[in-house]
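I opened this notebook to keep track of what I looked up. The entries follow in the order of my reading.

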Amino acid sequence: MIYAEVDNEMVLNLRSGDPSRAGVTNYISLPSDNQVRPGTPITWYDDQWQQRPILELIEEGLVTPPEGMVWDDEAEEWRVATDKELVESGRLTVGEREILDGDSIRDMTPEELDERGLLTDEERRDWKKSVFMARLSEIDNETTRPLRAVAAGVDTEYDRQRLTDLENEAASIRAELAALESESTA
């Protein structure tokens, strides 16, 4: 005879033989093809002593999924969950300044924050300043080739027009930067 020694509805040991001869008083007789494991609650098993589906146990609150893990039905094992799966299961929330992008949570870009009205005035000014400064740096890089042509005396009308266009754009950006600066000091 195969039996499980139990206490408080927990399987303590699996044994074979006569439980009364071993002095065991709290036991459950098991079929030979049982799936019972020591250290598990008896509520994890069906009436044939086969393990109940893990998702059923989770739904009934008998099993708590390991932190950050989900049950993979195909592989029949735990695997690391995606942010999306954790959000959908209610085990993770997306912060006010975060966004679910595919399977992952990421911080919103300044553009996304601005579209949703989540930037403070100071954050919006700082973001715009950084965008303007990045473009001024790009303009500086874009002037290198036309300036080399002018310095070497081999410039064309295109080179001169390109320098004019870039300088006009830079002047416009510097004016916008100045306006941002005056906003921040007002």
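Which residue in the turn of the β6 and β7 hairpin has a positive phi? I found G102, with a phi of about 70 degrees, and two residues between the strands.

I noted that the model is predicted, that local features need pLDDT of at least 70 and side-chain atom pairs pLDDT 80 or more, while totals for chains, interfaces and linings use all residues. Numbering starts from 1 along each chain as its sequence is written, and side-chain values use heavy atoms, with hydrogens and water left out.

Pairing takes at least two DSSP bridges between two strands. L100 has I105 in β7 as its bridge partner. Strands (E, at least two residues) and helices (H or I, at least four) are DSSP runs, numbered from the N terminus.

Entry on the largest pocket. I looked up its volume, about 160 Å³. A pocket here is an open set of points on a 1 Å grid over the protein atoms alone, where a 1.4 Å probe fits, with protein on both sides within 12 Å along at least five of seven lines; lining residues have an atom within 4 Å of a point. The volume is the space filled by probe spheres set on the points, which are joined across faces, edges and corners. Among the lining residues are L55, W71, R79 and E88. β4 gives the most to the lining, with three residues. I counted the lining by class as seven nonpolar, one polar and four charged. Asp, Glu, Lys and Arg count as charged, Ala, Val, Leu, Ile, Met, Phe, Trp, Tyr, Cys and Pro as nonpolar, and the others, Gly among them, as polar.

Entry on R52. Is R52 buried or exposed? I found R52 buried, because its relative accessible area is 13%, and buried means under 20%, exposed over 50%, partly exposed in between (1.4 Å probe, protein chains only). R52 sits in the loop between β3 (27–30) and α1. Its side chain reaches the backbone oxygen of T43 at 2.6 Å.

Entry on K129. I placed K129 in helix α4. Its side chain makes a polar contact with the side chain of E181 at 2.9 Å. Such a contact is a pair of N or O atoms within 3.5 Å; within protein, one must be able to donate a hydrogen and the other to accept it, and residues adjacent in sequence count only if both atoms are side-chain atoms.
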